[in-house]
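Q: I would like to learn how to read the packing of helices and strands from a model. Could we take the features one at a time, with the general idea before the case?

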Amino acid sequence: MADVAKAANVSLMTVSRALNEPAKLSEETRKLVLDTIRKIGYVPNSIASNLASNRSNVVGQIVPSIQNSLYSPTMKGASDVLRAAGMHLLIADSGYSLDEEEALIGAFVAQRVCGLLLHNTVHTPRAAQLARQAGIPVIETGDLVRHPLDAVISYSNFNAAKEMTLYLAARGYQSIGFVSVPMRNNSRSKERLKGYHAALAALGRERNPLLVREAEPGLTSGAHAMIDMMQRVPDVDAIFFAGDVLAVGALFEAQRRGWKVPERIAIAGFDDLDILRHTVPKLTCLNLPRLEIGRRSAECLLQRLRGDADAAPTRLDLGFEIIQREST
């Protein structure tokens, strides 16, 4: 480190801050130090540094599944902001398991990450305790809960599902079904079902358990869910799939059977995956600001690290938009 300070003509403290607290330096100074580090080939001892400062320049992010592309925009948005600030992002996969999330939070805290980005907003008691006691910023992103661990930046799954159901009713559909991925350990899916039920109540319509189904992720599951629902409730005229892959699977099956969409059955999705714009017919869905959620959550985390908690939001609703297309 002394060699870096000498070569860059800065103090040892400046080199240390460039590595561990980059937000405290100007962009020009930070770039000078980092360029010098690369030039002379210096490799920081992160373990020793973390022990000395009790903090690293690494943020830990935990998502339910790295395989699920829905989480990619949020990870990308956070990574872009943190990289520009001279920080690093470590990503972990909880496998939709609250116990695994608890273990990962413990592992990240033990490695002295400087902040946590958590997609889940429901946690085990131990996980919540670990996160609160770590003394670092914790930003939740999966749903707009009322009482976050520290701060939450997201949209309301409840409101999104409610508004889509009301939209379908306004289009004239009388018997609207709801299909979701399994709700066990998935508070977001549970909130979407609550939103669907709230819309029915607002419309003065009775709940019909036969119009609600859980399905495993995948195209085949979407197809089977639609067939099963149409067999059990022959007059169903619209199905809201709280998952785009399920919706696409249903559309493909309707085409295979010669059922016209939306004339025989209207189909709506949730996340606006790119494929929804290229199917025939194009699928109606919700547009969710996942990239912006990643960016704003990282910005909030950085504000908290700088001690600017008053400027950082504790609960920020980034909203959603219904994208009307040909399938409804």
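Q: In which hand does helix 10 pass helix 11?
A: A crossing is called left-handed if the near helix is turned anticlockwise from the far one by less than a right angle, and right-handed if clockwise; here helix 10 passes helix 11 in a right-handed crossing. Helices (H or I, at least four residues) and strands (E, at least two) are DSSP runs, numbered from the N terminus. This is a predicted model, in which local features need pLDDT of at least 70 and side-chain atom pairs count only at pLDDT 80 or more, while totals for chains, interfaces and linings use all residues. Residues are numbered from 1 along each chain as its sequence is written, and side-chain values use heavy atoms, with hydrogens and water left out.

Q: At what angle do helix 10 and helix 11 pack, and which residues make the contact?
A: Axes are lines fitted to C-alpha atoms, for helices over the stretch in contact, and angles run from 0 to 180 degrees between N-to-C directions. Helix 10 (residues 219–232) and helix 11 (residues 244–257) pack at about 60°, with axes 6 Å apart. Contact (heavy atoms within 4.5 Å) involves residues including Leu-219, Gly-222 and Met-226 of helix 10 and Val-245, Gly-249 and Arg-257 of helix 11. The residues of this contact divide into nine nonpolar, three polar and two charged, where Ala, Val, Leu, Ile, Met, Phe, Trp, Tyr, Cys and Pro count as nonpolar, Asp, Glu, Lys and Arg as charged, and the others, Gly among them, as polar.

Q: How do helix 6 and helix 7 cross?
A: The axes of helix 6 (residues 98–110) and helix 7 (residues 125–133) come within 9 Å and cross at roughly 20°, and therefore helix 6 is roughly parallel to helix 7 (angles under 35 degrees count as roughly parallel, over 145 as roughly antiparallel, 65 to 115 as roughly perpendicular and the rest as oblique). The crossing of helix 6 past helix 7 is left-handed. In this contact Glu-101, Glu-102, Ile-105, Gly-106 and Val-109 of helix 6 meet Arg-126, Ala-127, Leu-130 and Ala-131 of helix 7, a set of five nonpolar, one polar and three charged residues.

Q: Which way do the side chains of strand 5 point?
A: In a regular strand the side chains alternate between the two faces of the sheet. In strand 5 (residues 151–154), Ala-151 and Ile-153 point one way and Val-152 and Ser-154 the other way, and all are buried (under 20% relative accessible area, with exposed over 50% and partly exposed in between, for a 1.4 Å probe and protein chains only).

Q: Which strands does strand 5 pair with?
A: Two strands pair if DSSP finds at least two bridges between them. Strand 4 (residues 138–140) runs parallel to strand 5 and is joined to it by two bridges, with Glu-140 partnering Val-152. Strand 11 (residues 315–317) also pairs with strand 5 in the parallel sense, over three bridges, and there the partner of Val-152 is Arg-315.

Q: In what order do the strands of the open sheet lie, and which stand at its edges?
A: Four strands form this sheet in the order 7-6-8-9, with parallel pairing. Strand 7 (212–214) and strand 9 (266–268) stand at the edges, each with a single partner strand, so one side of each is left without a neighbour in the sheet. From one strand to the next the twist averages 20°. Helix 11 lies across strand 6, strand 8 and strand 9, running at about 155° to strand 9.
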